[in-house]
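Here is a short briefing on one structure.

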Amino acid sequence: MNFRPILIAATFITTAAPPVWAQSAVTFQKPPKEILDVFDVENPPQPIVDPAARTLALLKRPAYLTLADLAQPELRLAGLRINPITHNASRTRPFSGFTLQELASHKIIPVTGLPEKLSLEYPSFSPTGQHFAFVEVREQGLALWLVEVATGRAKCVSEPHLSATMGRPYSWASDGKSLYTRVRPSTVAFQDTQRLPQGPSVQDASGVKAPARTYQDLLRNPADEAKFTFYASSAIQHVDLAGGTKPFLPAAIYRMLQPSPDGAYVLVAEIQAPFSYQFPLDRFPYRVRVVNASGQGVATLVEKPLQDKIPVDFDACESGRRHFAWREDQGATAVWVEAQDDGDPAKTADHRDALFQLEAPFQGEGRVLAKVQNRFQGVVWGNHQLAIVEDGWWKTRKTRTYQVDPSKGGEPKLLLERSSEDVYADPGDFVLEPNALHRQTLKIGGKGKKLYLQGEGCSPEGNRPFLDALDLTTGKSERLWRADGTSTYEFIAKVLDPEQGKLLTMIQGPRTFPNLFLRTFGKKASLQPVTAFENPFKALEGNQKRTIKYTRADGVELSATLHLPAGYDPAKDGKLPVLMDAYPTEFKDTKTAGQIRTSPHTFSRPYWASPIYWTLRGYAVLENTQFPIVGQGKAEPNDTYIEQLVANAKAAILEVERLGVGDPKRVACVGHSYGAFMVANLLAHSDLFAAGIARSGAYNRTLTPFGFQAEERTYWQAPEVYHRMSPFDFADKIKTPLLMIHGDADNNPGTFTLQSERLFQAVKGLGGKARLVLLPMESHSYAARENLLHMLWEQDSWLEKYVKNRTK
C-alpha cells in the first residue's frame, strides 16, 4: 500500500536554552510521565442497546489512531474525505472487537465464526434485535457481517466491495429480514491518467446573488468531478438474510436510501450533475424518487437544481420540497416539508413551512398535514390521529411544539413554547417505542391521552435527568422520576416501560466510572447493575471537583467547573497557577446566558483536548468556563463581543482569586476552534493572562465574509464588527506569549491552516512572542497518537515556561 510521506512542520522550538526564533525540524516529543500514564489508559467498551432492549453490544475501540493511519491515501472531494483503497470515509477509528450480553441476565453470548483479528465499523442491531450487523474493514475493502443474536453465529454475507463514501453502507428493512447494501459499481481502480489540463478552471458570477460560507475540500476542476463521480457512486443490492443477494438499483450517487416501513418501497435521493466548485455535495442538484421492491421507479417526488441561492441567514432554507422521509406509523406514506416563504426569512409569511404527505401509489401533489409559523424542526409520529411537530426561529430563539391530527390536518394545537436558550424550561424529548412495523414511534399511554418525555433536567443545582408524563388534554406534565443528583449523575439511556417504572440508566460520579443499571422506580423500587466497568483513570481519583458560581461586572451570572489537584490545601499550598478552558456562546437573553448546563457529579473523563491533565502538574483547572456573548433586543451579540469576552475572563479570574486557589498573575487560557479565536482576542485586548494556547482557530474574519459561527451578517453589512473581532487586525497588541497549534489538513469551514500561519507571521513580524506548531496530516480534530502526545508536550512546556514559572 502506498502512503503519503510523513512531514513534520513546526516553527520555533524551545530547548533548555533560551528560545530561538527560527524555523526548525522537530522530532515528536512526549509529555511528562504523569500525563502520559493517564493518556495511555485503555478505555472500557462502548455499549449499544438493541431496539427491543434485550441485548447489549459492548464495543472495544483503540483510543487513538496512528500517523500510519492518517498517512493512508486520501481524496478530498466535494466536502468528503475518502479512502480510495477501501471506498470508506478516511480517518475513521474502527472498533477492534465486541461482546454481546443479555441485558437482564448479564449472560455473555459467545460469538463464533469471527476472524481472528477484527477491525469493524458501522455496528447496529436489526430493528427486531434478532441480528447484529457490522462492516469489517479489510486492507482492500469493506465486507458486511451478520451475527444471529440467539445463537451467536457470525457470518460474512458480502464480498469486500461495499462503498461507504456516502455514509453507512447498508440499511435495514423494517422487518429485520433483509438489508440494502451500497457496493462499488466496479472493482477496477480509478484510472487517474494525470493528463495535462486542456484549459483553465473557470467560474462565472451571473449577476444573481449566490452567497456561500467558507467551505473546504471542494471540487476544483473536471478531474475532481470525475473522481467524485467514481468514488461517490454505488450500486444497490438487496441482501435476504434467508439467503441470496441480488441487484436492486444501478450505479448512481445516492445521498439517501430509506426502505418504507412495510418494505414495499424504497425512498432514494440521487445527486446529479452539474456539480459546484463553490459548495459541497449537499448543495448539488438531486432528485428524490420512490421505487418498488423490484427497484422499478414508481414516482419522482422532486427534481432540484443546484442550491446556490439560499440566503446565509440561519432561518433560511432551500425553496420547494425538502426533508423527505416515511411516516413511521404507516406502511408506505411519503412525507416532506415545503417552505411557504421560498426559504427566505426576509419575506413576510403567516406560515414559514408546511408538512405534506403522499400515500402509495404516490399520485398527485400530496396533502397538507400541518402548517407551522416558524421553520420546521422535526416530527415524531404516533398513530393515524397523533403526531408531534416542532418549529423554531433562530432570530428570536423561539421554539414551539404542536400536536397534530394527521387524519384531519388543519391548524395544529400548540403544546409547548419556550426560548431555545432556556435549558431550565426544556421539556425533554418524547419517549419512543417500536410499533408493529418495528419503527420508532411515540409511546402513548393513558388511553391515548398521555405521552412521555425524558430530559436532561438542567437546574441551578446542576443537571438532574427526569421522566415526565404529559397529559394531552390539559397540557400539564407530571414528574414520574427525577435523578437524585446529590452525589451522582444518572441519565436515562433508554426508557423501558414508563408505566411500570422501568428504566435503563447510566450512573456516574466524580470518581465513579459510568455504568449501566436497570432501575425500577415507584413502590417496587430497585437498582440492578448491568455493567461493571472499573475506573481506569486512577491517577485522577483524588482530584477535587466542584461547580463555582460568580457574577460578571454587568450582573450576568456565570459558572465553571473547578478541578484542583489531589491533596491540595490552599492554606498550606498557597495559590496555584490556573489553566482556563472556554468556548464563547451567543445568547439573546442575559437570564438564560448563565444557566447551569452540566452536573458537578459527572465523571471527569480525560480526552485528547482535555485540560484536566494539568491538575497532575499542579494547576487549578477551570473547565466549561461560561463565556456568554449576549445581544438583547435588536442588538446582536457580536456588537460588544470584545467587551463581554474580557468581562467573562476577568470574572472567572477574580473568583478563583477570591476562593484563594488561583494566582491571578499566573493564568493561561486555552481554546480550540472558536475557542482559539477567543484566546487570540483575549491576548490582543487584555493583560489578564500570562500565556495563551490557541488550537485550530480562525483569526482574520475577512476570510469568512459571509458569516461565521453564530454571526449571520456579512462582512459588507457589518464591516466594523468583523474588524473588531479579528485578532489579526490587532496582532500588534498581542504581547502575551501565544502558542498556536493547527492541523495541517484542517477540513473545518473557515479554519484553514493559513489562518494560524498568517497570524503567527504577523505576531512574529511585530516583535511578539509566539510559537506555531503544525501537526502533520491532522484535520480539525486531532487523532494520531504521535501528534497528540506532541501537542500535550507543547502545551505543558508552554505552561511551565510562561505560567507556572513566570518571573514577572
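A polar contact is a pair of N or O atoms within 3.5 Å; within protein, one must be able to donate a hydrogen and the other to accept it, and residues adjacent in sequence count only if both atoms are side-chain atoms. This is a predicted model: local features need pLDDT of at least 70, side-chain atom pairs count only at pLDDT 80 or more, and totals for chains, interfaces and linings use all residues. Residues are numbered from 1 along each chain as its sequence is written, and side-chain values use heavy atoms, without hydrogens and water.

**Helix H3**
- Asn 221 caps the N-terminal end of H3, with a side-chain oxygen 3.1 Å from the backbone nitrogen of Ala 223.
- H3 spans residues 222–232 (helices are DSSP runs of H or I, at least four residues; strands are runs of E, at least two; both are numbered from the N terminus).
- Asp 224, Lys 227, Phe 228, Tyr 231 and Ala 232 of H3 are buried (under 20% relative accessible area, 1.4 Å probe, protein chains only).
- They cover an arc of only 110° around the axis, so they sit on the same side of H3 (the arc is that of the directions from the helix axis to the C-beta atoms).

**Glu 623**
- Glu 623 lies in strand E43 (residues 620–630).
- Its side chain makes a polar contact with the side chain of His 563 (2.8 Å).

**Nonpolar core**
- The largest nonpolar core has 61 residues, and Tyr 641 is among those with the most contacts inside it (a core is a set of buried Ala, Val, Leu, Ile, Met, Phe, Trp, Tyr and Cys residues joined through side-chain atoms within 4.5 Å).
- Apart from it lies another core, of 45 residues, including Leu 103 and Ile 741.

Conventions
Buried means under 20% relative accessible area, exposed over 50%, partly exposed in between (1.4 Å probe, protein chains only).
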